[in-house]
Amino acid sequence: SSAALVLGDSASTNLVLACGGNLLLTNGASLQVFSGPTNAEANANAWGVMVAVSNRFTVGPGSWVYPASQRVNGGSPLFRVGDLVIHAGGGFNANYKGFGDRHGPGAGASPYAAGGGGYGGKGGNGDYPGANGGDPCGRTNGPTDPGSSGGSYGDAARIFNAGHGGGAVRIDATNEILIKGTIAADGGSGY
């Protein structure tokens, strides 16, 4: 089995993993980074947890970094590195790790058939009147915030939760970035 390092939780604030040299993630290992809230929403310099690597951060084949934003506040991890190398078959996966159910500045409306979450553009409308998609928010040409969730929906018999927004993959590199692998931050479906 592969090794996993877990850093932070939904309450962690200003936590830093500092590496004074190179950091190599290989042999199917994973780094899970959970951010707590920040007190500076919509601020590109705010972060809940930071991974700081002075030289090169390498993500090898079959190895993954899982950054997770705080579900209510949107505080997100920041990766501050000298260089970043992501090999084919490895990468960053922030799928469904953005704002949680009915949270975020672009959250979808929540009547009977909910609307989708918005970010750079308006979220899609749901099936019924009033199930509007979330409003556009954030920066389309340099996103720094996680995606908003959709709206939840239901009736007297059952309620379904909204899909979570896509997480924020925030990388601040002093030198070079080489990506042959994957960086993903898709939103999820409702459940």
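This is a predicted model: local features need pLDDT of at least 70, side-chain atom pairs count only at pLDDT 80 or more; totals for chains, interfaces and linings use all residues.
Two aromatic pairs are found in the structure.

The rings of Phe 57 and Phe 92 form one of them, with centres 6.3 Å apart. Their planes meet at 75°. Planes over 60 degrees apart count as edge-to-face, so the Phe 57 and Phe 92 pair is edge-to-face. This pair links distant parts of the chain. Phe 57 belongs to strand 5, which covers residues 49-59. Phe 92 belongs to strand 8, which covers residues 91-93.

Phe 79 lies in strand 7, residues 78-86, and Phe 92 in strand 8. The pair therefore ties together parts that are 13 residues apart in sequence.

Burial was computed for each of these residues. Residues under 20% relative accessible area count as buried. Phe 57 has a relative accessible area of 1%, so Phe 57 is buried. Phe 79 is at 1% relative accessibility and is therefore buried. Phe 92 is at 0%, so Phe 92 counts as buried.

Taken together, the ring pairs link Phe 57, Phe 79 and Phe 92 into a cluster.

Technical notes:
Residues are numbered from 1 along each chain as its sequence is written. Side-chain values use heavy atoms; hydrogens and water are left out. Rings of Phe, Tyr and Trp (its six-membered ring) pair if their centres lie within 6.5 Å; planes under 30 degrees apart count as stacked, over 60 as edge-to-face and the rest as tilted. Helices (H or I, at least four residues) and strands (E, at least two) are DSSP runs, numbered from the N terminus. Buried means under 20% relative accessible area, exposed over 50%, partly exposed in between (1.4 Å probe, protein chains only).
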